[in-house]
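Try each task before you read its solution.

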Amino acid sequence: MNIRFKSAMHRKNFTGFISPKNSDYYCSRSEFVAAVFLLSADKLLWERSKRALARYSVNFGMIDLSGISTEGYALYKAARAMYNGDSDISLSELCDWTLIDDPTTLTIFTGVMLLRNGVRMLKRRV
């Protein structure tokens, strides 16, 4: 599976942040890569997330969610769930087209693939 970015801006944000770091073992952890992939998919969420990203960790408590769109919030919840290894977002939420649009759902599923396959997927496409 190739990495499917939500937009050109998403590709630029993600590759600009991850590419220089993907040789570092800690930054190559699939949980970190998947979280950065999801957080970088939404412009406002990404702007608020950048300062919560340390060298190889994400402090989700530092991200201000006020004014975030429903899609941005779904990306945040999915990123936090993948990073922490819990199930904070349900399949019924992902499949409800009135809550989350199709491009965001596909982005979350791509994040799941990054979580499962890690940096190996990056070397194929990015």
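This is a predicted model: local features need pLDDT of at least 70, side-chain atom pairs count only at pLDDT 80 or more; totals for chains, interfaces and linings use all residues.

Residues are numbered from 1 along each chain as its sequence is written, and side-chain values use heavy atoms, with hydrogens and water left out.

**Exercise 1. Find out how many helices and strands the protein has, and what share of its residues is buried.**

Step 1: Take the DSSP runs, numbered from the N terminus, with helices as H or I of at least four residues and strands as E of at least two. The count is seven helices and zero strands, in the order α-α-α-α-α-α-α.

Step 2: Call a residue buried under 20% relative accessible area, exposed over 50% and partly exposed in between, using a 1.4 Å probe and protein chains only. Of the 126 residues, 45% are buried.

Step 3: Turn to contacts, meaning heavy atoms within 4.5 Å. Among those with a separation of 6 or more, 61% join residues 24 or more positions apart.

**Exercise 2. Check whether the span of helix α6 agrees with its number of residues.**

Step 1: The expected span is 1.5 Å times one less than the number of residues.

Step 2: Helix α6 has 16 residues (102–117), so it should span 22 Å; its end C-alpha atoms are 22 Å apart, which agrees.

Step 3: G118 follows α6 and has a positive phi, near 60°.

**Exercise 3. Decide whether T105 and T110 are buried or exposed.**

Step 1: T105 is found in helix α6. T105 has 11% relative accessibility, so it counts as buried.

Step 2: Leaving out residues up to four places away in sequence, T105 touches L94 and I100.

Step 3: T110 also lies in helix α6. Its relative accessible area is 2%, so T110 is buried.

Step 4: Compare sequence with space. T110 and K6 are 104 residues apart in sequence, and their C-alpha atoms are 9.9 Å apart.

Step 5: Other buried residues of α6 include I108, G111 and L114.

**Exercise 4. Work out why α2 is described as largely enclosed.**

Step 1: The buried residues of α2 (30–39) are S30, F32, V33, A34, A35, V36, F37, L38 and L39.

Step 2: That is nine of 10 residues, so α2 is largely enclosed by the rest of the structure.

**Exercise 5. Describe how α2 packs against α6 and α1.**

Step 1: The axes of α2 and α6 come within 8 Å and cross at roughly 165°. This makes the two helices roughly antiparallel (angles over 145 degrees).

Step 2: On the α2 side, the contact uses S30, E31, V33, A34, F37 and L38, and on the α6 side T107, I108, T110, G111, L114 and L115.

Step 3: Sort these residues, with Ala, Val, Leu, Ile, Met, Phe, Trp, Tyr, Cys and Pro as nonpolar, Asp, Glu, Lys and Arg as charged, and the others, Gly among them, as polar.

Step 4: Now take α1 (residues 8–18), whose axis comes within 9 Å of that of α2 and crosses it at roughly 145°. Here H10, F14, F17 and I18 of α1 meet F32, V33, V36 and F37 of α2. These divide into seven nonpolar, one polar and no charged.

Notes. Axes are lines fitted to C-alpha atoms, for helices over the stretch in contact, and angles run from 0 to 180 degrees between N-to-C directions. Angles under 35 degrees count as roughly parallel, over 145 as roughly antiparallel, 65 to 115 as roughly perpendicular and the rest as oblique.
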